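Open the model in your viewer and keep a selection panel at hand. The tour below moves from one selection to the next and says what is found at each stop.

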Amino acid sequence: MDNIKLAVIGCGKWGMNHVKTAYKLFGEDLKYCCDSSDDSAAKVKAVSEKIIFTKDPNDIITDTDVTAVIISTPAETHFEIAKKMLLAGKHVLVEKPITLNSEDAHILNELALENDRILMVGHLLLFHPAILKIKEFVDEGKLGKLQYIYSNRLNLGTIRTEENILWSFAPHDISVIQYLVNDIPEEVTATGAVFLTSEIQDTTLTNLKFKDNIHAHIFVSWLHPFKEQRLVVIGDKSMMMFEDSIPTDKLKLYRKGIDMVNGLPVKRDSDFESIEFGKESPLELEQLHFIDCIKNSKTPRADGRNAIEVLETLERAQTELIKN
Ligand SMILES: NC(=O)c1ccc[n+]([C@@H]2O[C@H](COP(=O)([O-])OP(=O)(O)OC[C@H]3O[C@@H](n4cnc5c(N)ncnc54)[C@H](O)[C@@H]3O)[C@@H](O)[C@H]2O)c1
């Protein structure tokens, strides 16, 4: 990896995916894994005895060999850890949500720009080959004019008590919708419901209105009998659906729509077409993109600006949840 030595901070449920992926891609260039819990040491050693496990992030800060850090600790710790790492001159990939508020995300973004460091956020779906395929279709005009998009992200658990479902699940959906529309919403409204933990929404419905009469909604819940991760994109020529939780035909194109003929709506109907997309792991693509951006001074697809735009939409939705 041309001497880019890497560290992963936070080796919990998701962080271990980063560790395994980084070791698979970069081998011994993954020099450190850091976690405040002793329990993680054995999990890291099971990946490779050669990775140095530490509980002290200062070991990473002081090791000038290490130039890139992936942070996968709980969201409330992201800001302080990412700030320290940027100040120490490291390039940083931080999990979503980048911080708990956009003010902090602005600070990180400024720090990265001032110090000429890469700051990237783990908006994983922006690296999913199916999402990239949809983006290609949208940008090539194959769907026609975008009309509306919706995303359902539903499952039973994992229940979090420190953040609501909106902050836990919806960063992904917001990042994808804003990426597909290539804009931020003019209006954001949201409603939610609390059943399990006081003041923590278990389900939310967020409406986004973009310019040019493009609309979107996001329905997220961790109190749902089955897993559904469904994204539907409607254009005036064609429509697409990506459903990651079904075994086959995950990405479909529907050459369907309604044409107005002599002032009357006429249905254009046909069967769906299954669309092939790359089988690469999104997390591998995300990490490879991070390293490519470092090596070639490129702006990441999910850069600090992208992270801020997603957080600002989350904040606008959260304000609406409190009102309603
Ligand atoms: N991109 C995705 O698809 C995706 C999926 C799941 C989780 N995530 C995000 O990844 C992050 C971690 O989630 P998780 O489910 O792995 O959480 P987790 O609670 O399972 O793991 C967090 C780990 O961080 C460690 N930790 C806490 N504070 C620390 C500190 N100051 N220094 C070092 N280690 C510390 C904990 O001991 C724990 O092992 C969260 O931000 C979450 O939103 C992203």
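Predicted model: local features only at pLDDT ≥ 70, side-chain atom pairs only at ≥ 80, totals over all residues.

Residues are numbered from 1 along each chain as its sequence is written.

**The two domains**

Begin by colouring domain 1 (5–123 + 283–299) and domain 2 (126–280 + 312–323) separately; these bounds come from an automatic or database domain assignment. The C-alpha centres of domain 1 and domain 2 lie 29 Å apart, and their contact takes 11 residues from domain 1 and 12 residues from domain 2, where two residues are in contact if their C-beta atoms, placed from the backbone, lie within 7 Å. On the side of domain 1 that touches domain 2, select α4 (75–87) and α8 (282–296), the elements that give two or more residues to it; helices (H or I, at least four residues) and strands (E, at least two) are DSSP runs, numbered from the N terminus. The largest share of this side, four residues, comes from α8. By class, the side holds three nonpolar, four polar and four charged residues, with Ala, Val, Leu, Ile, Met, Phe, Trp, Tyr, Cys and Pro counted as nonpolar, Asp, Glu, Lys and Arg as charged, and the others, Gly among them, as polar.

**The nonpolar core**

Next select Ala7, Val8, Val69, Val92, Leu180 and Val233, which have the most contacts inside the largest nonpolar core, a set of 87 residues. Such a core is a set of buried Ala, Val, Leu, Ile, Met, Phe, Trp, Tyr and Cys residues joined through C-beta atoms within 7 Å. Its largest share, 11 residues, comes from α7, and the core draws at least three residues from each of domain 1 and domain 2. Centre the view on Val92: leaving out residues up to four places away in sequence, Val92 touches Val69, Ile71, Ala82, Met85, Leu86, Arg117 and Leu119.

**Helix α6**

Which residues of α6 (residues 129–139) are buried? Ala130, Ile131, Ile134 and Val138 are, a residue being buried if 20 or more other C-beta atoms lie within 10 Å of its own, exposed if 12 or fewer, and partly exposed in between, with C-beta atoms placed from the backbone. Turn to the other side of α6 to find Glu136 and Asp139 exposed. The cover over the buried residues of α6 includes β7 (146–156), α7 (165–181), β11 (223–235), β12 (239–243) and β13 (251–254). After α6 comes Gly141, with a positive phi near 80 degrees.

**Around the ligand**

Now select the 21 residues around the ligand, of which Gly10, Gly12, Trp14, Ser37 and Glu95 come nearest; a residue belongs here if its C-beta atom, placed from the backbone, lies within 6 Å of the molecule. This shell divides into seven nonpolar, 10 polar and four charged residues.

**Two loop residues**

Move to Ile184, in the loop between α7 and β8 (187–193). Ile184 is partly exposed, because 18 other C-beta atoms lie within 10 Å, and beyond its neighbours within four places in sequence it is in contact with Gln178, Glu309 and Thr313.

Finish at Leu196, in the loop between β8 and β9 (203–210). With 11 other C-beta atoms within 10 Å, Leu196 is exposed; apart from residues up to four places away in sequence, Leu196 touches Ile159 and Asp202.
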